Amino acid sequence: ENDGSMSSDDWNKWQMATQYAIPGEVFVRGTEEGGQADQLGIFEIGDRLRGVGELPFVDGGFEQAINLINRQPVKTVFLKLHFDRISMPKPSPTSDEINSRSVK
């Protein structure tokens, strides 16, 4: 259930991405505004975490993901996160959009 922290559009993306999730999988639900992930803009709602550093991530849940991140060497400057993205269907164009394309 949406706790109000996500827009309805984001909530729909989350629902679609996680509808077939297996317990223990970790998905991006959002990023902290102004944080590094937000600034890089590479994550989308529904992206699934597959690995941290050189370690594969298999159904360990959020706590395991944090544990793997915290186990990286202290002097680590860059952290490689492996993730995959479930393709989301593009919304159908509205009749106004279709008409505006044909009128030039």
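## Strands β1 and β2

In this predicted model, strand β1 (residues 48-52) pairs with strand β2 (residues 55-56) in the antiparallel sense, over two bridges. Strands are DSSP runs of E with at least two residues, numbered from the N terminus, and two strands pair if DSSP finds at least two bridges between them. Gly51 stands opposite Pro56 in β2. The two strands form a hairpin with two residues between them, and Gly53 in the turn has a positive phi of about 60°.

## Strand β3 and cover

β1 also runs antiparallel to strand β3 (residues 81-84), joined to β3 by four bridges. Val52 stands opposite Leu81 in β3. Four of the five residues of β1 are buried (under 20% relative accessible area, with a 1.4 Å probe and protein chains only; exposed is over 50%, partly exposed in between).

## Two helix residues

Helices are DSSP runs of H or I with at least four residues. Thr18 lies in helix α1 (residues 8-18) and counts as buried because its relative accessibility is 17%. Ile69 is found in helix α3 and counts as partly exposed because its relative accessibility is 32%.

## Basis of the values

Residues are numbered from 1 along each chain as its sequence is written, and side-chain values use heavy atoms, leaving out hydrogens and water. Local features need pLDDT of at least 70, side-chain atom pairs count only at pLDDT 80 or more, and totals for chains, interfaces and linings use all residues.
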